[in-house]
Amino acid sequence: MFSNYHTHTHYCDGKSDIQSIVIKAVELKLTTLGISSHAPLPFPCDWCMNSDQLDSYLDEIEVMKGRFHSMEIYKGLEVDFIPQITGPAQFKHKLDYTIGSIHFVEQFQSGKHWEIDGSHSVFLEGLKIIFSGNIKEAVTRYYEITREMVKSDTPDIIGHLDKIKIQNFGNSLFDEHDSWYQHELRKTLDLIAQHNTIIEVNTRGTYQGKTKEPYPGYWALEYIYKKKIPIVLNSDAHHPDQLIRGFTETLQLLQKIGFTEIMTLTDGQWKSQPINHINERLLNP
Ligand SMILES: [Zn+2]
Ligand SMILES: [Zn+2]
């Protein structure tokens, strides 16, 4: 009984077609697979889907649903939330579920949106130009936008909640134990706890070697557990071989913290299921 709702395909920056991901997921005996390419954006973006591709993307997933019956297949998108520009609500009527993620914070004077999880040089450039080098203000704005999404355009799943830490290797910009940082993240989690949404535990940073802990990290997960916020386990796979990368270690971490349940989309409904079933399945495929 395990699943993955965060997977990318050729329709965006994923490295395989939809069918190859589906076949690999069947091989791995996943019970549920969600496809979630990056949604189109109303400005040029080299890792997003083109808007004229959306219909064929959705049709192709529909074909897969009809072809494979040993596993439930769901139609999703990872949608950027950019205030006043785009968000999950724009696409949810076409989908089984949405992942809402923040990849952009504010804009340069040219109108170009500042990408916070792209290259480190772009990150440093925006930090300097848009926030006068003030990392506290930049990170605070990132979490403010996240809260705006939770309140005004709630997705089914909150994508990689603390992704901004990808820029902070070696604590070069801030310390995740700083009180201002923890305050922002906790405030965001408090708000999430009041809304009907799920936090994904995303293993991509760890298997890419870019972060030491999953998104969100250890102490945030402890707080999520305390607040009883529901979670899913996702790998943000950009290749079929990444479908369950980092799952075993991360499940052990979640169990160590105390989590006993994880959410799953079954017959179109989000339900909780015991975590130990997933772990047994991973260890004894
Ligand atoms: Zn993302
Ligand atoms: Zn993603």
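Where does Pro 216 lie? Pro 216 sits in the loop between α6 (204-207) and α7; Figure 4 shows it.

The model is predicted: local features need pLDDT of at least 70, side-chain atom pairs count only at pLDDT 80 or more, and totals for chains, interfaces and linings use all residues. Residues are numbered from 1 along each chain as its sequence is written, chains are lettered from A and ligands numbered from 1 in the order in which they are written, and side-chain values use heavy atoms, with hydrogens and water left out.

**Figure 1. The site of the zinc ion (ligand 2).** Four residues coordinate the zinc ion (ligand 2): His 6 (NE2), His 8 (NE2), Glu 78 (OE) and Asp 236 (OD). Their distances run from 2.1 to 2.2 Å. Donors are N, O and S atoms within 2.8 Å of the metal (3.2 Å for Na, K and Ca); water is not among the atoms, so sites may look incomplete. Angles among the four donor atoms span 78 to 166°, and the site is irregular. Four donors count as tetrahedral if all angles lie between 85 and 135 degrees; four count as square planar and six as octahedral if opposite donors are over 155 degrees apart and all others between 65 and 115; anything else is irregular. Along the chain, the donor spacing reads H-x1-H-x69-E-x157-D. Glu 78 belongs to strand β3 (residues 72-80) and Asp 236 to the loop between β9 (231-234) and α8 (247-257), so this pair ties together parts 158 residues apart in sequence. Helices (H or I, at least four residues) and strands (E, at least two) are DSSP runs, numbered from the N terminus. Glu 78 is buried, at 0% relative accessible area. Asp 236 is buried at 2%. Buried means under 20% relative accessible area, exposed over 50%, and partly exposed in between (1.4 Å probe, protein chains only).

Figure 2. Protein donors to the zinc ion (ligand 1) are Glu 78 (OE), His 103 (NE2) and His 160 (NE2). They lie 2.1 to 2.2 Å from the ion. Their spacing along the chain is E-x24-H-x56-H. His 103 is buried, with 3% relative accessible area. His 160 is buried too, at 1%.

**Figure 3. Packing of helices α4 and α5.** Helix α4 (residues 135-152) packs on α5 at an angle of about 0°, with axes 9 Å apart. Axes are lines fitted to C-alpha atoms, for helices over the stretch in contact, and angles run from 0 to 180 degrees between N-to-C directions. The two helices are therefore roughly parallel. Angles under 35 degrees count as roughly parallel. From α4, residues including Ile 135, Val 139, Tyr 143 and Val 150 take part. Their partners in α5 include Trp 180, Tyr 181, Leu 185 and Ile 192. Contact means heavy atoms within 4.5 Å. The contact residues divide into nine nonpolar, three polar and five charged. Ala, Val, Leu, Ile, Met, Phe, Trp, Tyr, Cys and Pro count as nonpolar, Asp, Glu, Lys and Arg as charged, and the others, Gly among them, as polar.

Figure 4. Tyr 215 and Pro 216 are joined by a cis peptide bond, with omega about -10°. Lys 228 follows α7. Its phi is positive, about 55°, although Lys 228 is not a glycine. Lys 228 lies in the loop between α7 and β9. Lys 228 is exposed, at 73% relative accessible area.

**Figure 5. Lys 29, a residue with positive phi.** Phi of Lys 29 is near 65°. Most residues other than glycine have a negative phi. Lys 29 is in the loop between α1 (18-27) and β2 (32-35). At 45% relative accessibility, Lys 29 is partly exposed.

How values were computed. Parallel < 35°, antiparallel > 145°, perpendicular 65-115°, else oblique.
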